[in-house]
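Please keep the viewer open as you read.

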Amino acid sequence: KTLCAAGIIAGLLAFFWRDTFNPDSISGARVLLTGASTGIGEQMAYHYSRFGAEIVLTARRGTLLQKVMEKCLQLGAKKVFYIQADMSSPQAPEKVVQFALQKLGGLDHLVLNHIGGTPFRMWDGDVEHTRWLMQVNFLSYVALASAALPILAESKGSLVVVSSLTGKISTPFTTSYSATKFALDGFFSSLRHELAMQKQDVCITLCILGLIDTEMALEKTRCVCAAYPAAEAALAIIKGGATRAREVFYPWWLELLCCLRDWFPDQRDGVIQSFYNYTSA
Ligand code: NDP
């Protein structure tokens with residue numbers, strides 16, 4: 001009986017977590033990817049290239065984007081272009097979307113991934129920094145999405161938003177960053193309903209990532225816990241967008257953590273307190 005029950009559970013898990021991703025769905029897809037010069041964005045650029053996509057890359061540093069572009073062409077991208085843009089400028093999102101439209105003639109995937117630099121430290125009252133970070137990490141996402149939505153509606157495309165566990169569960173030393181990621185969840189989860197209401201076939205995929213081994217993350221957190229590989233995180237994001245998933249959790253067990261978040265708030269805060277080694281006043 002026990003064996004039979006285990007078999008049924010394993011079968012159900014395999015059914016719900018089966019990989020329905022078809023790499024052909026990305027071949028020839030027109031992709032605009034932000035934050036593409038380093039880290040997870042750079043890795044996404046390489047995966048999209050291997051799948052034969054047509055890509056527009058954007059970030060601030062042209063020398064890095066040029067190198068990523070060259071590698072993308074070697075890996076098999078059908079077309080690659082790049083545009084330098086600083087998302088702290090309110091004009092940048094419209095300019096970038098128009099560039100992508102002009103180069104690719106349309107858009108199937110908009111992947112919003114960039115973030116502005118922010119210190120991993122206790123809140124020091126720097127409201128100006130929070131305002132700036134909101135512009136880069138949140139408002140520019142809203143502006144990029146809003147400029148691209150009519151084009152994505154035509155292609156029945158995908159809008160992929162890269163977020164973080166700290167956009168679902170708050171932890172110390174990430175006040176402003178966490179606020180920008182919670183804001184993304186609020187805005188894009190509400191927009192998902194509105195698109196469905198208007199019968200617009202644009203899917204929104206919110207990606208919840210744990211600690212990933214990018215240079216930026218390892219340098220900031222100096223965390224002793226295991227960091228997951230950027231190339232795997234990048235692939236999980238791409239698969240989520242291509243299969244039109246509502247949310248992607250990488251690593252997968254973050255989904256369980258997020259379920260427990262609201263059921264057991266005291267235990268949740270207890271775990272965070274013991275991880276950061278403090279007791280409440
Ligand atoms: P990186 O710092 O490696 O990459 C950030 C990218 O954003 C770079 O391409 C950078 O390029 C670009 N960028 C920075 N500032 C601006 C700006 N003002 N305007 C336009 N582009 C800018 O970060 P990761 O790869 O680690 O993170 C990618 C995503 O994954 C983010 O959304 C992050 O929140 C999320 N994430 C990452 C985790 C991790 O542990 N690494 C954990 C959870 C979520 P340039 O400097 O050339 O502009």
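## Around the ligand

A backbone N or O atom of I40 sits 2.8 Å from an oxygen atom of the ligand. This is a polar contact, meaning a pair of N or O atoms within 3.5 Å; within protein, one must be able to donate a hydrogen and the other to accept it, and residues adjacent in sequence count only if both atoms are side-chain atoms. The model is a predicted one, where local features need pLDDT of at least 70 and side-chain atom pairs count only at pLDDT 80 or more, while totals for chains, interfaces and linings use all residues. Residues are numbered from 1 along each chain as its sequence is written, and side-chain values use heavy atoms, with hydrogens and water left out.

| Residue | Protein atom | Ligand atom | Distance |
|---|---|---|---|
| I40 | backbone N or O | oxygen | 2.8 Å |
| M87 | backbone N or O | nitrogen | 2.8 Å |
| K181 | polar side-chain atom | oxygen | 2.9 Å |

How much of the ligand's accessible area does the protein cover? The protein covers 94% of the 890 Å² that the ligand has on its own, by the Shrake-Rupley method with a 1.4 Å probe; for residues, only the protein chains shown count as cover.

Helix 2 (39-50), helix 5 (127-155), strand 5 (158-164), helix 6 (175-197) and helix 7 (215-221) each give two or more residues to the shell. Helices (H or I, at least four residues) and strands (E, at least two) are DSSP runs, numbered from the N terminus. Strand 5 gives the largest share, three residues. In total, 30 residues surround the ligand, the closest being S37, R60, Y177, I212 and T214; a residue counts if one of its heavy atoms lies within 4 Å.

## Backbone details

Now follow the chain itself. Between Y250 and P251 the peptide bond is cis, with omega near -5°, and P251 is in the loop between strand 7 (247-250) and helix 9. K156, in the loop between helix 5 and strand 5, has a positive phi near 50° although it is a residue other than glycine. N277 also has a positive phi, near 60°, and is found in the segment after helix 10 (265-275).

Is N277 buried or exposed? N277 is exposed, because its relative accessible area is 68% (buried is under 20%, exposed over 50%, partly exposed in between, with a 1.4 Å probe and protein chains only). L256, in helix 9 (residues 254-263), is partly exposed at 45%.
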